[in-house]
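These are my notebook entries on one protein structure. I record what I looked up, one topic at a time.

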Amino acid sequence: MELYYAPMEGITGYLHRNVSRAVFPDIDKYMTPFIAANQKGKLSTKEKNDILPDHNKGMYVIPQILTNQADCFLAVERTLREYGYTELNLNLGCPSKTVVTKYRGSGFLAKPEELDHFLEEVFARTECEISLKTRIGVEDGEEFERLLEIYNKYPLKELIVHPRTQKDYYRNHPNMEWYTYAVEHGKAPLCYNGDITDVTSYKTFMKAYPDTIKVMIGRGLLVNPGLAGMLKGKAAPSKEQIREYHDRMYEVYREHMPGDRVVLFKMKELWYYLAQHFTDSAKYAKKIRKAERLPVYESAVNALFAEQDFVS
Ligand SMILES: Cc1cc2nc3c(=O)[nH]c(=O)nc-3n(C[C@H](O)[C@H](O)[C@H](O)COP(=O)(O)O)c2cc1C
């Protein structure tokens, strides 16, 4: 089984990636949060930092691109090739309003003809291997029939399917009827993504789709950073490992983020997920959420680690 770390904008940048890798080295591939492509193929400082080979040593990293313009895709491809990347991913899943109203991310799924032309042009000129990360439609899973017909025309490296619609955001459950449709009718190698949160949900999924060889996990790895190891037969992470994961993350953010407020913001975001597997975590999570200074934050975290357990 190949396990992929899903891209999560604002969370899974290279600092997060390196710390996760150092403590829990069971992920096979990492996808970067999306790079918003422009005509010149220029990367922002944040995007450049995220893909620099020196910042991603020892990891298989796939840069993800967000655009609906073939020229922009190919321009950023040229830039990424200069850094040595030969595999790229197109984001056809982002559900956020600001992205969707520009017909990008899952918004691009509303324009299947344009999407087809885009892919035609990209595949005619690309020098990379290209995968797609897609939702099943904008409003309704029925749209996926047409979308898959389009995807099947191109030599995709792989098709990563998160079987929700744009309208679903992260609500409801993945629509497994349409994932089954992808299994039965898709030509590209498939990777499943969506709501694999623990060993039980993984086993249930694998029982239904025993031929699966690629699974991408996002939030499940944030709530339990040791989940990939568990899915590969390792023991559940100990509280000491979670502490190490936390401490290293805190250290790199303090080293690289511009000021305590940003560090606190990043750490609170981490705890939004990480607190979920601690026993009786509500009051500690509240203190962490309310902390406005690092010493207050640290004492809330110390109390949580000292007084509660991590159970996965
Ligand atoms: C905070 C956040 C940011 C995300 N950013 C991206 C992104 O940049 N690109 C992308 O393709 N998906 C993004 N996603 C979607 C995830 O990659 C994944 O498809 C989704 O969370 C479903 O998988 P999961 O149930 O395993 O978390 C994001 C999700 C979250 C929660």
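This is a predicted model: local features need pLDDT of at least 70, side-chain atom pairs count only at pLDDT 80 or more; totals for chains, interfaces and linings use all residues.

**Entry 1: the second largest cavity.** I began with the classes of the residues that line the second largest cavity: three are nonpolar, one is polar and two are charged. I then looked up the names, and the lining consists of Gly10, Ile11, Tyr253, Lys266, Glu269 and Leu270. Which helix gives the largest share of this lining? I found that helix α12, residues 260-274, gives three residues, the largest share. The volume of the second largest cavity is about 30 Å³.

Entry 2: I asked how many cavities of 30 Å³ or more a search of the whole structure finds. The search finds two. I noted the idea behind such a search: a probe the size of a water molecule is rolled over the atoms, and this shows where empty space is left. The largest cavity holds about 60 Å³ of space. Among the residues that line the largest cavity are Tyr5, Ser20, Arg21, Tyr30, Leu221 and Tyr245. Two or more residues of this lining come from each of α1 and α10, the latter being residues 227-231.

Entry 3: I turned next to the pockets. The second largest pocket has a volume of about 400 Å³. I looked up its lining, which has 20 residues, and those nearest the centre are Gly13, Tyr14, Lys46, Asp50 and Lys266. Which elements supply at least two residues each to the lining of the second largest pocket? I listed α1 (14-23), β2, α2 (45-51) and α11 (239-256). The largest share, four residues, comes from α2. By class, I recorded nine nonpolar, six polar and five charged residues in the lining of the second largest pocket.

**Entry 4: the largest pocket.** I recorded a volume of about 700 Å³ for the largest pocket. It is lined by 31 residues, and the closest to its centre are Pro7, Met8, Glu9, Lys133 and Tyr170. The elements that give two or more residues to this lining are β2, β4 (87-92), β5 (129-134), β8 (214-217) and α9 (219-223). I divided the lining of the largest pocket into 15 nonpolar, 11 polar and five charged residues.

**Entry 5: the barrel.** In what order do the eight strands close into a barrel? I read the order as β1-β2-β3-β4-β5-β6-β7-β8, with parallel pairing. Neighbouring strands of this sheet are turned against each other by 25 degrees on average, direction ignored.

I then examined the pairs that involve β1. Strand β1 (residues 2-5) runs parallel to strand β2 (residues 29-36), and two bridges join them. Tyr5 has Tyr30 as its bridge partner in β2. I noted that Tyr5 and Tyr30 also line the largest cavity. With β8, strand β1 pairs in the parallel sense over four bridges. There, the bridge partner of Glu2 in β8 is Lys214.

**Entry 6: a helix across two strands.** I looked up where helix α7, residues 176-185, is placed. Helix α7 lies across β6 (159-161) and β7 (190-193), and it runs at about 170 degrees to β7.

**Entry 7: the annotation.** Finally I consulted the record. The unreviewed UniProt entry annotates residues 6-288 as "domain: DUS-like FMN-binding". In the model, this span is 45% helix and 13% strand, and its end C-alpha atoms lie 26 Å apart.

Conventions
Residues are numbered from 1 along each chain as its sequence is written. Side-chain values use heavy atoms; hydrogens and water are left out. UniProt positions are given in the numbering used here, feature names are shortened, and annotations may be inferred rather than shown by experiment. Two strands pair if DSSP finds at least two bridges between them. Axes are lines fitted to C-alpha atoms, for helices over the stretch in contact, and angles run from 0 to 180 degrees between N-to-C directions. Contact means heavy atoms within 4.5 Å. On a 1 Å grid over the protein atoms alone, a cavity is a set of points where a 1.4 Å probe fits but cannot get out, and a pocket is an open set with protein on both sides within 12 Å along at least five of seven lines; lining residues have an atom within 4 Å of a point. Grid points are joined across faces, edges and corners, and a volume is the space filled by probe spheres set on the points. Ala, Val, Leu, Ile, Met, Phe, Trp, Tyr, Cys and Pro count as nonpolar, Asp, Glu, Lys and Arg as charged, and the others, Gly among them, as polar.
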